[in-house]
Amino acid sequence: MTTEQPKPMKSDENGLLALKQVVKHFDISGGLLDRLRFEKGKIINQRTTVKAVNNVSFTIAPGETFSVVGESGCGKSTLARTTLGIYPPNSGEILYRGTRIDNKNAQQMLPFRRKMQMIFQDPYASLNPRKTVMQTLEEPVVFHNPSISAVQVKDRVAEVMSQVGVDPKWASRYPHEFSGGQRQRISIARALMVDPEFIVADEPVSALDVSIQAQILNLLMDAQAQRGLTYMFITHDLSVVEHISSRVAVMYLGTLCELSPAKTLFDSPRHPYTQALLSAIPKLGRKKSGHVKLKGEVPTPINLPSGCVFHGRCIYANPRCIEEIPEARSVENKVIVACHAVEEGRL
Amino acid sequence: MSHLLEVNDLEVKFGLRQGDLTAINGISFNLDKGERMGLVGESGAGKSVTGFAIINLISKPGFISGGRVVFNGRDLAALSEEAMREIRGNQISMIFQDPMMTLNPVLTIGTQMVETLLAHRSITRAEAEAISLKKLKKVQIPSPEKRLAQYPHEFSGGMRQRIVIAIALVTDPEIIVADEPTTALDVTIQAEIMDLLQQLCESEDTGLILITHDLAVVSQVTEKIAVMYAGKIVESGLTDRVVNDPKHPYTQGLIKALPGSLQPGARLNQIPGMMPTLTDIPPGCAFNPRCPLCEAICRDQEPPFIPVDHMTRMVACHMVKPDPNMGTR
């Protein structure tokens, strides 16, 4: 290993990474003139915010694969980016091995950036087309270890490239010379270059064909076994989630509905949204077995529904669901559900 | 025996400066009235080009270089553009992946539906509007009267795809070609749209050609399936049989590579390498460099497309035993 080994840091009950009541809203109101509205004889200045992530809390243990699932617009990618500090949260805390990282400046974040890396969905957009693979891969190493020698960097690039299954001879090529699967291997190599402990993968296989998807998932699982990596896996593909995850968080409209060990979640989903979501997965060779139909459509995250965000589409909703926001509570063996019906034993 | 649609040895080429590129290399299949068929394969296998070739809508520099597409006894590949316009969008409709790209953003959906009808029928605008309303109800759009006057941006993705389906149905076609109709949609919406499509095809006795990369979706909706690889059909047959007992090594690999079929956490079965680009398809069987069963003959000779498994399906592979009564071909 040519890069410095990370100093062992204390790991406490917060696990490797902990999110506490994290909120991320985006102000989309635009300039002053866009904000002004005329109402009841008065000019009012009104702000519009997208409530992308609301009060999300969870803990990721070292070595696990923690998946976040949900449909488009549920805030899972925002959550991933907020976790890594790409977006600063509006409120709440993010702790890495017990140290708060959400309030650190760029300089103070540097040691954490080495340990937390990200893999993006689209390998066509996430690699700089004007850099060779060598340049792309050496940049993070040199940035984090300015004193490293050129030979050491070369060796490191070659080592990681062969680990991800790309011939090191191709280091002088540009991204356009590679196929989608190869490019995704290179993005994974880039994340592995600095020997991270924690990798956030945002839809890493969604843009790939089935036969290539299997190759990349195997690669990710191998890397985890060899390096003891911890993954936070963002995806909408539930069969992938079932295969690779240890625990799964289900999000709906910026809110955490359910958090369970993967097997428990797929065997016995508790939250009504999770039940609907899982019943909609098409299964190979199995004829339709009546999926749970949801009424209505996903509301906009600009005007969140009152109470439980899911109440408008939920068949179990009662007056309490319309008024009171359900808290995420542990129900039994490591299952956390935010639902009044589950809490009251109606479901 | 004549089928509603018969595709015979269809070949599509793209004329490039370096010479012609063969995108579809002699494929054959047929579809009966009310039958639902899936066309699956990975990106670049030629599924979408096949869909476009059926409605004779291959854009330049592509062209149909051989074979026939016989629909109700007429060869569509040889029809004039004018005669083709009578069939396209009328007797054979197409649904595309992205509903926002399919719908015209500056026309109300009512206008777009009525326009389709008036182009193909000699009816009055009022009659066309009545039919449009009926079709919107069929695809379960709430308050259809109001919705007819709205623009595509006022609908969600799932609702837009319902409207695209309504437009495809408005002329009561005999065949719908649906090219990745749910790929851009979320899984709960996908389930609803696929349910709807299947139910409509059943109630109207409409044939469906479902083009998708998603084997699971195909296995739920279709009766027949054709698996494409590098411009050819490598295996076709009844969906149940092909999915549960694939014969071609590529189909086997594709099904084994799906995460759902294994114990969680186990290594997935991957197919090594990737699909060849159309410019360098290997000699012999196009799948031979990735095939676990490859032998010398696979590198030299193209495998014939032969019936196996008591005539219930067709496979193009040297390593699959033909039905005994077929002899050697």
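In this predicted model, strand E9 of chain B is joined to strand E10, residues 232–238 of chain B, by 6 bridges, and these two strands run antiparallel. If you follow the pairing to Tyr229(B), you will find that this residue stands opposite Lys232(B) in E10(B). The hairpin that E9(B) and E10(B) form has 2 residues between the strands, and in this hairpin Ala230(B) takes a positive phi near 50°.

E9(B) also pairs with strand E3, residues 36–40 of chain B, this time in the parallel sense and over 4 bridges, with Ile225(B) in E9(B) as the bridge partner of Gly38(B).

Now, how many residues of E9(B) are buried? The count is 6 of the 6 residues, 224–229, so this strand is largely enclosed by the rest of the structure. In a regular strand the side chains alternate between the two faces of the sheet. Here Lys224(B), Ala226(B) and Met228(B) point one way from E9(B), while Ile225(B), Val227(B) and Tyr229(B) point the other way, and all are buried.

Let me turn to another part of chain B, where an open sheet of 4 strands has the order E2-E1-E4-E5, with antiparallel pairing. Its edge strands are E2, residues 19–31, and E5, residues 74–75, each of which pairs on one side only. Helix H1 of chain B, residues 47–54, packs on this sheet and touches E1, E2 and E4 of chain B, and its direction makes about 70° with that of E2(B).

Finally, the two chains meet, with 35 residues of chain A in contact with 35 residues of chain B. On the chain A side, the largest share, 8 residues, comes from H7(A).

Methods. Residues are numbered from 1 along each chain as its sequence is written. Chains are lettered from A and ligands numbered from 1 in the order in which they are written. This is a predicted model: local features need pLDDT of at least 70, side-chain atom pairs count only at pLDDT 80 or more; totals for chains, interfaces and linings use all residues. Two residues are in contact if their C-beta atoms, placed from the backbone, lie within 7 Å. Two strands pair if DSSP finds at least two bridges between them. Axes are lines fitted to C-alpha atoms, for helices over the stretch in contact, and angles run from 0 to 180 degrees between N-to-C directions. A residue is buried if 20 or more other C-beta atoms lie within 10 Å of its own, exposed if 12 or fewer, and partly exposed in between; C-beta atoms are placed from the backbone.
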